[in-house]
Amino acid sequence: MSAETIAMASPGTEGYVLGNEAVARGAIESGVWFVACYPGTPSSEISDTLCKLSGEFGYEFEYSANEIVATEAAAGVALFGGKSMVIFKGAGFFVASDALFHLVLGRLCGPMVIVACDDPSMHSSSDEVDLRMLAQAGSIITLVPSNVTDAKEMTIEAFKLSELMRVPVLIRMSTRLCHQRGFIKLGDIPKRRDNRMDWDLLKGKWERFVPMGGDPVRGEMLKSIEVIRRTKNIFEDNKLNKLVRAKSDIGILTCGVTYGYSQEAIKLLDIEASMLNVGTIYPLPEKLLKEFIQELKTLIVVEELRPYLESYIRALAKDVKPDLQIFGKWNGYFPQAFEYDTTIVMNSISKAMNINVPMEYKEIEKRTDFVKEFTFPRDPVFCPGCPHRATFYAVKKVTKDKAIITQDVGCYSIGLTPPFKMGDIVLCMGGSIGVACGISYFNDRPIIGFIGDSTFFHAGLPGLINAVHNQADFTLIILDNGTTGMTGFQPHPGNDSRGRERLAKKIDIENIVKAIGVEDIKVVDSYNIKELMDATSDAIAFRGVSVIISRRACSIISRRENQRKGLKVVAYQIDSNKCEGCWLCIEKFGCPAIERDGEVVKILSESCNGCSVCAQICPFNAIFKEDTNGQI
Amino acid sequence: MDKYEILVAGVGGQGVIFISNVLGYAAQRAGYKRVVGGEIHGLAQRGGSVASYVRFGEGVYGPIVPLGCADIIIGLEFMEGLRHINRLSKNGALVLSNVRVPTMGMMVNNLAYPNSLNVLSKLQTLFDRVFLFESRNTPCHFGSLGLENMILLGAIVNHFLDFPIGEEDIQESIKTLTKKNMVERNLEAFQAGMKLRPLIT
């Protein structure tokens, strides 16, 4: 439904959409030519929506192999006059930063908008790096929306600003905005055109972009400082910053989603305060901030992650308002880590102002604490029929927990949790390979790296080349389920489709590995335990880098395929006369389609996807296919 | 009612996000100017917990229901409903389904699923309004599997006179948001829910 809401062309209609979808709509209303991304939660719905609608609105869409090539492609388009957008999660920004930090020195002929999503509280990330600080470090013009309406409007503004300043503009989102819903008014969508680069139009505008070391790049550096100065002037008096003055000498300074929490908090606390929500986060509007604090005695700074605004305002206040009392993270009034909400903001403000909170939190805790006893954590699990489960099971059988396991970023990280608990290190995209390489120089235990197919294309290739070249000794298992599973089944270079049923050239993992010079390569079916175990033993015995490609389609995808084709999966069953209740299929294999049923187990036939692996591992041959009367 | 806050919780695949979208649209139809939703997904498809907020009315700005402020918690799965109980206001309604999905940790370690009657009787001494609906196995032409969200929604609309969104607004939202071939199924499940009586009140 959501992509349809975004596609509704009639201006003035309202749609109840995610913050991410609002950004997508903003890009379409801006007449974007080209969108590139590498998927990553919480950013995925921006790119997925834009992929779905790319045919309808006639722009080009690319799921790139990783974030830096996405950025380079988008830069290519904008440098030559096109309108481009590039989208990724916070960690993707790190990957793209080599391109981005240099791109600010160029002169784009068309606008380029970067959308990057921070993840306070790390719901689906493993860092709390604050992109505002990185944007400042790289002099990247940055806007931070605070709600769903903002998300769309700022996207449109970002395209305009980038066109004007001829440098890329960053929209910095965060999880609670990406996945916030609200009603937005849909605006006009420009007429569909054939977007081609036009050398006549570019005449006099386009210039070579070769910021090589020495004098040429020094000149560009000075120009880029001038761009930031001009942008700052524009930001001083700009509707993207929201100032609401109250009859009070208390002020609250906010950024992003903390604007909403702060509005709610002062209402609940029943206090009057002036509020300034800063949407133009780099460069900061110095004059506006000075004017804001001038009339205040007390300033409360409410921002998630690093004290970015707070540090700036403390420096400003030293000159223009030395007696201003400032409450924030510096003096411990606000938490340093994790996302905020109304409760946290209200508590922190009440501490700063020394007023009572109108809620009896002790009461609430007393009333509800006992429930913890009855609620167990519900971690994600491998789906029924997930090919990863079988691979982990087989490797654990062979290595008996004696191997060092380097893991990577993807669904297979679930292998870290019970019942497998496999993985000693997860560092970053592609890290399984580089880390294994380093360990192998000084270690005699078997080392096994796990990496998914999409992650292998994203960041695994240089690591593998490096490891083979330097004669490291470990086994890499490439879990090839044919998709970017964890983020919502986006295609990658190993697929013959590039999304929306457009054909693509399929890159063969086996050929790449061979070309890199790996001498021991095995391709196995992830549903064949014996094959997997044999391959693992052999690979461990091999001196040097060995690679096992464990291949089977993601079970969510194959289930959908079957439904589409009207094929019925034949589920497996338990022969309760043979089942001895050893619980191996539950306690060691952990398939959610298998449950305890008194003294024996039962298979939930609506969940089972017929992968057969439980039947292969059952020590009592008690598992059989429903329609084969006990014969497998 | 000037402000109303809903928390929906469940496990991946139960339609937590869908029911929240239905409620968001319906709230606007019912005349509320400000409607804000919030959700955390990511690994919902892999059996993880899902929770979603729908807030509407005066003074609603952020996407998260503050502690002790929910007017209603809708637990499509029993334990997931309990998980967020510290967000329920003292006189808010706790509406739980009898659907029970054990976690992988419970299965691996052979821990029993909490006895719902014990938990509920304790909760009833602490909250004024605690309800259990048998949303699984509700008589419904299409079978109730995967439709518990609609069944529970029907039960809530029928049972709670102070629920600020009416039957018609919800049905219209269901029609707007559902794929064509699913509209009938969803509406029938919603209607079946409207006939449902709570097991415990």
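Colleague: Into which domains is chain A divided?

Modeller: Please bear in mind that this is a predicted model. Chain A comprises domain 1 (2–236), domain 2 (242–365), domain 3 (387–561) and domain 4 (568–628). Taken over C-alpha atoms, the centres of domain 2 of chain A and domain 4 of chain A are separated by 57 Å.

Colleague: How many residues of chain B are in contact with chain A?

Modeller: One counts residues whose heavy atoms lie within 4.5 Å of the other chain. Here 65 residues of chain B are in contact with 60 residues of chain A. Between them the two chains bury about 5200 Å², of which 63% is on carbon and sulfur atoms.

Colleague: How many salt bridges are there between chain B and chain A?

Modeller: A salt bridge requires a side-chain nitrogen of Lys or Arg within 4 Å of a carboxyl oxygen of Asp or Glu. There are five between chain B and chain A. One case is Glu264(A) with Arg55(B), where the closest N and O atoms are 2.7 Å apart.

Colleague: Which elements of chain B each supply at least two residues of the side that touches chain A?

Modeller: Among them are the helices α1 (16–29) and α6 (167–177), and the strands β2 (35–40) and β5 (88–97). The residues of this side of chain B divide into 35 nonpolar, 20 polar and 10 charged.

Colleague: How do strand β8 of chain A and β2(B) run?

Modeller: They run antiparallel, joined by three bridges. In β2(B), Gly37(B) is the bridge partner of Arg181(A).

Technical notes:
Residues are numbered from 1 along each chain as its sequence is written. Chains are lettered from A and ligands numbered from 1 in the order in which they are written. This is a predicted model: local features need pLDDT of at least 70, side-chain atom pairs count only at pLDDT 80 or more; totals for chains, interfaces and linings use all residues. Side-chain values use heavy atoms; hydrogens and water are left out. Buried area is the accessible area (1.4 Å probe) that two parts lose on being put together, summed over both. Helices (H or I, at least four residues) and strands (E, at least two) are DSSP runs, numbered from the N terminus. Ala, Val, Leu, Ile, Met, Phe, Trp, Tyr, Cys and Pro count as nonpolar, Asp, Glu, Lys and Arg as charged, and the others, Gly among them, as polar. Two strands pair if DSSP finds at least two bridges between them. Domain bounds come from an automatic or database domain assignment.
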